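Please open the model in your viewer and keep the selection tool at hand. The stops below go from a helix to a sheet and then to a ligand.

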Amino acid sequence: MSISIKITSASEAEELSQIQKEAFKPLYEKFHDKGNPFLRGPEDILRRLNKFNRYFTILYDDKVVGGVFYRLYGKRSPSDEIGAGEYYLARIYIHPDYQNKGIARDAILLCEKEFPDARFYYVDFPEDMEKNRRCYQSAGYCDTGERACWSEDAPVLAMFKKTVSDEFEPAGVTLPMIYEVDKNELQECLDVIHQSFGTVAEQFGLTQENCPKHTSFIPLVFLEAQMNWGWHMYALYAGKKMIGYMSLSKESDNTFELHNLAVLPEYRHNGFGKLLLDHAKDIAKALGGNVIKIGMIEESTVLKNWYIANGFVHTGTKKYEHLPFTSGYLEWKGDYLL
Ligand SMILES: CC(C)(COP(=O)(O)OP(=O)(O)OC[C@H]1O[C@@H](n2cnc3c(N)ncnc32)[C@H](O)[C@@H]1OP(=O)(O)O)[C@@H](O)C(=O)NCCC(=O)NCCS
C-alpha cells in the first residue's frame, strides 16, 4: 500500500470537493458553523490553486483519497502573519473510508519534503478532536497551549506547531511549481541567476575582469528593465524558496528568445531544467509563437546536447572580440513537434 501526493490540478476540484464534503460532514453536523468546508464546492479548491498556497492531492495506491493545502503568505489567524520560513497547514482531509490508516500523517510528511526553507509549521483544529490531535502529533506537531475561537458559531481551536531543524534538504523536492515573477521578487531572481551561472563562470574561468557581461555578473537594473519591457519572467519555487528561473522576450510575431534559464546547483539533475524549458515552450505557444532562440557558450557541449535532446537545433556560432568564448545559437520550432 503506497501513499503519494501530486500537485492538484483544476480538473480534480470536483472530485476533491466531494471528498472534502464527506470528510467534514461529521464536524459540520456537530457545530453547524458557517465556515465549515462541508458547505464549500469546487470553487473553494480552484481559488487556492495559486502562488499563495500549495495544494496537493493525496493518493492511496493511485486512488485519490484526499487533499491538503498549505498557506504560504498572509495570515494564519486573525492576528498572526505567516512569516519567512513559516507554513500554515490550512486544511487536510481524507475520505472517511480511508481514515485511520495513517494516510494523513504520511501525506503531511511528504508535503514537508517539498518545503526546504520551512522552519515552523502551524495547524489548528477543534480542541476536542482526539483523532486530529493524534494525527498531527504523530507528524511532529506539538501543542502550543494556545486556544482560539474566531467566530461565535465556530469551535474552540487548539493551536499546534512543528519546529523543523534548519538542516537543508534539497534532495527531497520533487514537485516544484512555476509562477510568474512579481516585481518585489527581482532581487531573489538575481540571486538565483548569479548562483546558477556561477558554476558556468567557474567552469570556463570567467571573471568580472575578463567577461564583465557574463550572466553571473548582471546587475539588478537588467531584470528591472526586462520587466518594464514586458518580458515574460518565471521562477521555479519549492514552497516559498525560489530554486530556478527563466525569461522569454518577444523578438517578432512568432519568435521568442529564452534568457537566463537557471536551476540552483543543489537542485540540478532532477528534471527541473526541463520543466522550465517545457514551460517556456508552452508560454511561447500560448502567445502565438512557434520559434524559441537561445544563445549559449558553444564550448559547453553537455548543455548544447541537452538542448538538442530537448528538441532544439544548432543554427550557428559567432566569435565576439569582447567574449573569451564562442557564442553558439540554437533554435526550437514548435512545428517540428506537430
Ligand atoms: C542548464 C540547467 C538549467 C539544467 O538544469 P537541471 O535542473 O539540471 O536540468 P534537468 O535535470 O532537466 O537536466 C539535467 C541535464 O542537463 C544537462 N546539463 C546541462 N548543463 C550541464 C552541465 N553544465 N553539467 C552537467 N549537466 C548539464 C545534462 O544533460 C543533465 O543530464 P543528467 O541529469 O542526466 O546528468 C542548469 O544546469 C543550470 O542552471 N546551468 C547553469 C546556467 C546555464 O548554463 N543555463 C543555460 C544558459 S543557455
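Select helix α3, residues 103–113, where Ile103, Ala104, Ala107, Ile108, Cys111 and Glu112 are buried (20 or more other C-beta atoms, placed from the backbone, within 10 Å of the residue's own; exposed means 12 or fewer, partly exposed in between). Helices (H or I, at least four residues) and strands (E, at least two) are DSSP runs numbered from the N terminus. This is a predicted model, in which local features need pLDDT of at least 70 and side-chain atom pairs count only at pLDDT 80 or more, while totals for chains, interfaces and linings use all residues. Residues are numbered from 1 along each chain as its sequence is written.

Now show the open sheet, whose 7 strands follow the order β1-β2-β3-β6-β7-β9-β8 with mixed pairing (at least two DSSP bridges between two strands). β1 and β8 (142–148) stand at the edges with a single partner strand each, so one side of each has no neighbour in the sheet. Within the sheet, β3 and β6 run antiparallel and are joined by 6 bridges, and Gly66 stands opposite Ile94 in β6.

Finally, select the ligand and the 19 residues that surround it, the closest being Val263, Arg268, His269, Gly273 and Lys274 (near means a backbone-placed C-beta atom within 6 Å). Helix α5 (186–204) is among the elements that each supply at least two residues of this shell, and α5 gives the most, with 4 residues.
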